[in-house]
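Visitor: Hi, could you walk me through this fold? I'll just ask things as they come up.

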Amino acid sequence: MKYVPSKTIITKVKNSSWFGVDYNMNIYRGCNHGCIYCDSRSSCYQEENFDEVKAKEDALTIIKKDLTKLVNRGVIGTGAMSDPYNNFEEKLNLTGNSLLLLDAYRFGVAVTTKSPLIVRDIDLYQNIAQHSPVICKFTITCADDELSSLIETNVAVSSERFKAIKELSKAGIFSGVQLTPLLPFINDNAENVRRIVKMAADSGAKFVFPSFLVTLRDNQRKHYYKALDNIFPGLKDKYMKRYGNRYLCAPSNLKKLNDVLAKECVKHNLLYKMNDIIKAYKKPYNLDILEIAKMLKN
């Protein structure tokens, strides 16, 4: 494990529309899950050798210092740039110990991961949920495990992630699926979307949030095309013909896929709109005076 210096770890988010996050926290840099589509490889993030995980020096000390400086409580998001439950977390426990600090300072948490290791910290999420909002999001792109293992090469397959969602949900943790991205010509079909929504519902998920576009730019495009040549020979040519050097690459059937997802989520009583998801997981902590009075009366 390599360590990199950092002056601060928790930073203010300018726009909290993404799952209602007020602050970001990235304890690690890089990720070894090996997902062929990860935008964090793009050169704009200035992360050399993205597939090598590096931890931030004195992370817990810095996080504690950052928390003491924050005047306003809120939800701290983690997992935006690198998975907080990477292959080294089981031994280092930096994410787990950071949750202890968030609990002590009474902050909420919004975590994004692909790793079932998150269930190790169920009790910590339960403790935080006693006073602040908690939402656990699993990125899942494929209903089929074999396809998942091809495009997300060094992390648990989709079925294992659904099992983790089921454990979190049984423990009362507000959990669900980020269905993103859908890769053109690979997993951008209605059947894949239907199966993921059904599997999410069967796992006790509260939501499936769609973000179907894949992003391709500079370093990431080069990495992605190399992966396509290795896994799906000939597919790169289709991408180059259809998308050229576009940053955002949408499936040709995007509208249909969005319609399918909305219909299936309604069918299975799952949330899928961002505002509805934010409102639902924060609602127990945002009761106004009239709501409190009504509860007391009843």
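Visitor: Which strand order does the open sheet of three strands have?
Guide: The order is β1-β5-β4, and the pairing in this open sheet is mixed. The edge strands are β1 (2–4) and β4 (28–29), each pairing on one side only. Here strands (E, at least two residues) and helices (H or I, at least four) are DSSP runs, numbered from the N terminus. Two strands count as paired if DSSP finds at least two bridges between them.

Visitor: Before we go on, what kind of model is this?
Guide: This is a predicted model, where local features need pLDDT of at least 70 and side-chain atom pairs count only at pLDDT 80 or more, while totals for chains, interfaces and linings use all residues. Residues are numbered from 1 along each chain as its sequence is written, and side-chain values use heavy atoms, with hydrogens and water left out.

Visitor: Thanks. Do β4 and β5 pair in the parallel or antiparallel sense?
Guide: Antiparallel: β4 pairs with β5 (residues 54–56) over two bridges. R29 has K54 in β5 as its bridge partner.

Visitor: Changing topic, how many residues of β7 are buried?
Guide: Six of six in strand β7 (residues 108–113). Buried means under 20% relative accessible area, exposed means over 50%, and partly exposed lies in between (1.4 Å probe, protein chains only). G108, A110 and T112 point one way, V109, V111 and T113 point the other way, and all are buried. In a regular strand, side chains alternate between the two faces of the sheet.

Visitor: And which strands does β7 pair with?
Guide: β6 pairs with β7 in the parallel sense over four bridges, and V75 stands opposite G108. β7 also pairs in the parallel sense with β8 (residues 134–139), over five bridges. There, T113 has F138 as its bridge partner.

Visitor: What about the helix α3? Which residues are buried there?
Guide: In α3 (residues 94–104), the buried ones are L94, T95, G96, S98, L99, L101 and L102. Just after α3 comes R106, with a positive phi of about 60°, although R106 is not a glycine. R106 sits in the loop between α3 and β7.

Visitor: Where is F19, and what is its phi?
Guide: F19 lies in the loop between β2 (10–12) and β3 (23–25). Its phi is near 55°, a positive value in a residue other than glycine. F19 counts as buried because its relative accessible area is 0%.

Visitor: Which peptide bond is cis?
Guide: The one from T180 to P181, with omega near -10°. P181 is in the loop between β9 and α7.

Visitor: Is I186 buried or exposed?
Guide: Buried, because I186 has a relative accessible area of 11%. I186 is found in the loop between β9 (175–179) and α7 (190–202). The C-alpha atoms of I186 and L235 are separated by 9.2 Å, with the two residues 49 apart along the chain.
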